[in-house]
Structure formats: structure tokens, C-alpha cells
Amino acid sequence: MRCHAKDLFPGVAVSIIVAVTAQFLAEHYDTPAMLLALLLGIAVSFLGEEGKTVPGIAFSARTLLRLGIAFLGVRVSMGVMMGLGWQLIALVAGGVVATICFGLLVARAFGHKWRFALLTAGSVAICGASAAMAISAILPRDERSEERLIFTVMGVTVLSTIAMIAYPILVNLLELDANQAGVFLGGTIHDVAQVVGAGFSISEQTGDSATLVKLIRVAMLAPIVLVASLLIRAYAKLPADGTRPPLLPGFVIAFLVLAGLSSAELIPAAASNFLSQTSRWLLLTAIAAVGMKTNLKQVLAVGGAAIALLIMETLFIAGFILAGILVLT
């Protein structure tokens, strides 16, 4: 075990350094830390190709990633979310399901198959980069799995940043009230950090509402992964190595357990805050490691049609949620 830890240390340390650097730059230049961690990781991708850092980078990109997603469960509180009312909860949950179905339906028109469609639509519908990495874990792997994941993480992060800037302007133009604005921002922007940034840039009430709505989408991560796993096992062809992805990965089970404990208010506030912050740092470290494993030329080769698909999915969920708000409120 000691020898194993010694092998992993250089790569894990490098991943943490990149994550800390990304967070420092994000705080000083008002740029998403996830995007900076990914780009900085890509800039030093040679570290993931050879040398003593390779095992630790692979460990960070896989194990630390899954641990970070598991700890996301402490952010979910069903009791608090119920305060929004069944209609808005149904609207947000419906937006998640509808966006995934839309992505699967239109993907072929953009020249992509169901794997890429599920990955992009799921990340747009649920919680951006975190959802992309969770969904990637249940997809049958092939030689292009890594590049699809990197492209999706990069794409949804950029689009989420654009939405953080553009959607508050749209909210003002449409003259939505604070609650309507919160539902729209929380129900459409991909990443949690950008939802918070957009919401509180309008008002404290909008920020609180947007964060709460976003947590409904985060809570949908586990059921979506479970349903997708069942469908993949039932209908998808076996990968080349003949092994199926797990029905429900351990990190998703841990996510559900923590979400249940959080909803039952069995996790002390200090522990919940610690696990939430730990989750953010683990995901930041993991995405830095994923960047270091990336071949940028292969990622860019995914092409313009993939960008168009992501944009269409983003516009779809925005239109769906906006229409629902105008009908229900």
C-alpha cells in the first residue's frame, strides 16, 4: 500500500497544484475555475503521457472524480426543495428529461450517435461538467470515450459561462420577477457556480431561488444514471472487451446515501459544508487531471457539428423552462 501511495503521489500532487492555480486565477480574473483547470491541465498534458506522474494523474481523473461526485449528495435537501411547489419541481424535472430526449432525437442529424448525445444532453440537462463525468462512467468505453468527455466538459463550461452573462440580461428584458428569474436561471444554466453567479448578480432572492432550483437538477443525477444504465445494459452492444458498465456505480450509490442523510437533516451543518467544499476541490483536481490526459488535436477534431448539437440542447432547455414559467406563473 505504501509503495502504491508512493507511485501515485507525484501525479496527484501535480493535479492538486493545477487545481489550486486554477482557483487562484478564477478568483482574480472572474473566470470559471473548472474551465481554467481543464485548460491548464491541457497545457501540461505531457505530464499525463510519460514519467512518474502518469499513475497519479490517472488516479485523480478517475477515483478522485468519483469521490467528488459522491460528495455532491450533501447539497441535496428534498425538504427544502419541496418549498418550491410541485408544479415548479415538475417543470424543472420535465426539462431535464425532455432535454435528454431531445438530444437523443436530433443527434443523428448532426452526425453523432447515442453515446455522444446522452453525454452532451445529460450534461446540459443536469449539472454540466459533473454530470458529464458521471454519465461517462456508465457508457461503454471505446477509443473515443476520452475525447468525447473532454469536449463535452469544455463545451458545457464555456456555454454555461456565456449563459451566466447573457441570461440575466434576458431576464431584465422579459421583466421576470425575482422568483421567475430564479427558476429560469436555475433551470437552464449548466454548472452550479455559474447559476449562483447569475442569480446573485440580479438580487439575493433570485440567487437563493436559482440555487434551490439548480439543486433539483443535481438531485436528478442519480435517477438519470440508473435509468440510463438499465437501458444501456438491455439494448447496447457489448464493448470490445466484453465487459458491461456497472448497473449503478458505487459513487452514485454514495451520492444517494448522502442525499438521503442530508434530506433527513442527519448531517451536521459543519460536516455538510466541509463535504461540499471537499467535493468542489476533488472535482477541480479531477478535471485538471483529465486535462492532462487530453490530446487537444483529437478533441478539436470532434468538429463543428458537435458544437452545434451542444448549442441546440442549451437553447432547447432554455426555451422549455421559459415557456413553462410563463404558463405556470
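Where in the chain is the place of Glu175? Glu175 belongs to the loop between helix 8 and helix 9. The model discussed here is a predicted one.

The secondary structure consists of 16 helices and 0 strands. The radius of gyration is 19 Å, close to the 20 Å that the globule rule gives for 329 residues, so the chain is as compact as a globular protein of that length. Taken along the principal axes, the box filled by the C-alpha atoms is roughly 60 × 45 × 35 Å. Of the 329 residues, 53% count as buried. The contacts within the chain can also be sorted by separation in sequence. Among contacts between residues at least 6 apart in sequence, 79% join residues at least 24 apart.

The text now turns to pairs of helices. Two packed helices are described by the angle between their axes and by the distance between those axes. Helix 8 covers residues 145-174 and helix 9 covers residues 178-188. The axes of these two helices come within 10 Å and cross at roughly 150°. An angle over 145 degrees counts as roughly antiparallel, and helix 8 is therefore roughly antiparallel to helix 9. Their crossing is right-handed. On the side of helix 8, the contact is made by Tyr167, Pro168, Leu170 and Val171, and on the side of helix 9 by Ala181, Phe184, Leu185 and Thr188. By class, the residues of this contact comprise 7 nonpolar, 1 polar and no charged.

The loop between helix 8 and helix 9 brings the reader back to Glu175. Is this residue buried or exposed? With 69% relative accessibility, Glu175 counts as exposed, since the class of exposed residues begins over 50%. Its backbone also deserves attention. Most residues other than glycine have a negative phi. Glu175, although not a glycine, has a positive phi of about 55°.

Helix 8 has a further partner in helix 10, which spans residues 192-202. Helix 8 and helix 10 pack at an angle of about 20°, and their axes are 9 Å apart. Angles under 35 degrees count as roughly parallel, and helix 8 and helix 10 are therefore roughly parallel to each other. The crossing of helix 8 and helix 10 is right-handed. Helix 8 contributes Thr157, Ser160, Thr161, Met164, Pro168 and Val171 to the contact, where they meet Gln194, Gly197, Ala198, Ser201 and Ile202 of helix 10. This contact has 5 nonpolar, 6 polar and no charged residues. Pro168 and Val171 are among the residues of helix 8 that meet helix 10, and Pro168 and Val171 are also among those that take part in the contact with helix 9.

Another part of the chain is helix 3, which comprises residues 54-71. Ser60 is buried, with a relative accessible area of 0%. Gly68 also lies in helix 3. Gly68 is buried, and its relative accessible area is 0%. When residues up to four places away in sequence are not counted, Gly68 touches Ser279, Leu282 and Leu283. From Gly68 to Ile307 the separation is 239 residues in sequence and 27 Å in space, C-alpha to C-alpha.

Helix 3 packs with helix 13, which runs over residues 250-263. The angle between the two is about 25°, and their axes are 7 Å apart. This makes helix 3 roughly parallel to helix 13. The crossing of helix 3 and helix 13 is right-handed. Arg66, Ile69, Ala70 and Phe71 of helix 3 meet Phe251, Ala254, Phe255 and Leu258 of helix 13. The residues of this contact divide into 7 nonpolar, no polar and 1 charged.

Glu265 is exposed, with a relative accessible area of 69%. Although Glu265 is not a glycine, its phi is positive, at about 60°.

Conventions: Residues are numbered from 1 along each chain as its sequence is written. This is a predicted model: local features need pLDDT of at least 70, side-chain atom pairs count only at pLDDT 80 or more; totals for chains, interfaces and linings use all residues. Side-chain values use heavy atoms; hydrogens and water are left out. Axes are lines fitted to C-alpha atoms, for helices over the stretch in contact, and angles run from 0 to 180 degrees between N-to-C directions. Helices (H or I, at least four residues) and strands (E, at least two) are DSSP runs, numbered from the N terminus. Angles under 35 degrees count as roughly parallel, over 145 as roughly antiparallel, 65 to 115 as roughly perpendicular and the rest as oblique. A crossing is left-handed if the near helix is turned anticlockwise from the far one by less than a right angle, and right-handed if clockwise. Contact means heavy atoms within 4.5 Å. Ala, Val, Leu, Ile, Met, Phe, Trp, Tyr, Cys and Pro count as nonpolar, Asp, Glu, Lys and Arg as charged, and the others, Gly among them, as polar. The radius of gyration is taken over C-alpha atoms; the globule rule is 2.2 Å times the number of residues to the power 0.38. Buried means under 20% relative accessible area, exposed over 50%, partly exposed in between (1.4 Å probe, protein chains only).
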